[in-house]
Amino acid sequence: MIVSITHEHDLDGLGSQAIIQRYFNLNREIHPDEIRCFYAHYIDFVEKVSNILDSESLPSQLIISDIGFNEDFVDLFSVFKNAKKRECKISWFDHHIVDDLTKEKLRNLVHIYSNDTKKCAAEIVKDYYLPDDPIASKIAEFARDTDFRTDIYKLASDLQLIIGFNRGAHNDQNKLRIVELLSQGDFENSWFSSQLKILKKWHEDESTFALNHAKSIPMKSFGKIIISWAKIGGGKIANLLKEKFPEAKARIGVDTRHNEIIIHSDFINCRDFARAFTGGGHKDRAGFKYPQIFEKDNVLNKSFIDDIKETILKQI
């Protein structure tokens, strides 16, 4: 059995998985093993990988894509070591900022650790598995468009919306369908259109909710921070806040479905900021977690705001 686990909430993660699935589907004579797909985010990644590798039915391969490295991921080092002894081949394809020491440790523990911050994960996976395949190349192109926010392809933006709508374990079957359709190059399938019709009102309502609940936090030595929340992706909220509050120096979105927090900023190193909260990501955007974001419904915890301000002050 071959297991693919990827970041569940964006096109880069599911696109990476689609390319991996396409590769094994095209090469069944060489790799006849069943491929199983799993989805994770930073909060549950360690638990899910540990469950996969500690099970009696250890996969022959574990392929990780589009997951960076948070501080608490060090708990996986011993798990990787034991899996390697049991002859599980582990590959990890990523594009988030990871310090050199951690990269070196990972390369000693896994079969392949490939990380390139100038590419998206789907491009890295495509270059490794299917460099000359036109469908894999198109998937990688769409993934780059959403991950690097170049906004060239409406289809890529629509796919990102559909993926964001289908977050959570209860929607895994829909994520599997997305991966399957992408792997076949069926980018215009009618199922995508039906999903867009279903999610349109959801997206409009949650976007309005996020903008109506936006909280401005002034910092004399830095500028204005905007925080908001809704039942949509934190990155999507941060993008909405940028449109409405272009003068803000940092924008923070909270996906209340999973208490996942995303920060966007061009004025601080978001990855360094997120590491203070055992998070990680990119220089201009990163994800992190916090034990109690809200004091009560729709009221941010004062300690959450104070800790954000204090952490920013340490960077400026």
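Biologist: How many residues of strand β1 (residues 2–7) are buried?

Modeller: Buried means under 20% relative accessible area, exposed over 50%, and partly exposed in between, using a 1.4 Å probe and protein chains only. In β1, six of the six residues are buried, and the strand is mostly covered. This is a predicted model, in which local features need pLDDT of at least 70, side-chain atom pairs count only at pLDDT 80 or more, and totals for chains, interfaces and linings use all residues. Residues are numbered from 1 along each chain as its sequence is written, and side-chain values use heavy atoms, with hydrogens and water left out.

Biologist: Which strands does β1 pair with?

Modeller: Strands of a sheet pair through backbone hydrogen bonds, either parallel or antiparallel. Here, strands (E, at least two residues) and helices (H or I, at least four) are DSSP runs, numbered from the N terminus. Two strands pair if DSSP finds at least two bridges between them. β1 pairs in the parallel sense with strand β2 (residues 35–40) over six bridges, and S4 stands opposite C37 in β2. Five bridges also join β1 to strand β3 (residues 61–65), again running parallel; there, I2 has Q61 as its bridge partner.

Biologist: In what order do the strands of that sheet stand?

Modeller: The order is β2-β1-β3-β4-β5, an open sheet of five strands with parallel pairing. β2 and β5 (112–115) are the edge strands, each pairing on one side only. From one strand to the next the twist averages 10°. Angles run from 0 to 180 degrees between N-to-C directions, and axes are lines fitted to C-alpha atoms, for helices over the stretch in contact.

Biologist: Which strands does α1 touch, and what angle does its direction make with that of β1?

Modeller: Contact means heavy atoms within 4.5 Å. α1 packs on the sheet and touches β1, β2 and β3, and its direction makes about 160° with that of β1. Helix α2 (residues 45–54) lies across β1, β2, β3 and β4, running at about 180° to β1.

Biologist: What is the handedness of the unit made by β1, α1 and β2?

Modeller: A crossover is right-handed if, with the strands pointing away from the viewer, the path from the first strand over the helix to the second runs clockwise. β1, helix α1 (residues 11–26) and β2 make a right-handed β-α-β unit.

Biologist: At what angle do α3 and α4 cross?

Modeller: Angles under 35 degrees count as roughly parallel, over 145 as roughly antiparallel, 65 to 115 as roughly perpendicular, and the rest as oblique. The axes of helix α3 (residues 76–85) and helix α4 (residues 100–109) cross at roughly 25° and come within 9 Å. The two helices are therefore roughly parallel to each other. F77, F80, K81 and K84 in α3 meet K105, L106, N108 and L109 in α4. By class, this contact has four nonpolar, one polar and three charged residues. Ala, Val, Leu, Ile, Met, Phe, Trp, Tyr, Cys and Pro count as nonpolar, Asp, Glu, Lys and Arg as charged, and the others, Gly among them, as polar.

Biologist: Is E188 buried or exposed?

Modeller: E188 is exposed, with a relative accessible area of 66%. E188 sits in the loop between α8 (172–183) and α9 (190–212). Its C-alpha is 8.5 Å from that of L155, and the two residues are 33 apart in sequence.

Biologist: What is the strand order in the sheet of six strands?

Modeller: That open sheet has the order β6-β7-β8-β9-β11-β10, with mixed pairing. Its edge strands, β6 (215–219) and β10 (280–281), each pair on one side only. Strand β8 (residues 250–255) and strand β9 (residues 260–264) pair in the antiparallel sense over five bridges. D255 stands opposite E260, and R251 opposite H264. These strands form a hairpin with four residues between them, where N259 in the turn has a positive phi of about 50°. β9 is also joined by four bridges to strand β11 (residues 285–288), running antiparallel, with I263 and A286 as bridge partners.

Biologist: Which residues of β9 lie on each face?

Modeller: In a regular strand the side chains alternate between the two faces of the sheet. E260, I262 and H264 are on one side of β9 and I261 and I263 on the other, and all are buried. Helix α10 (residues 234–244) lies across β7 (223–230), β8 and β9, running at about 140° to β8.
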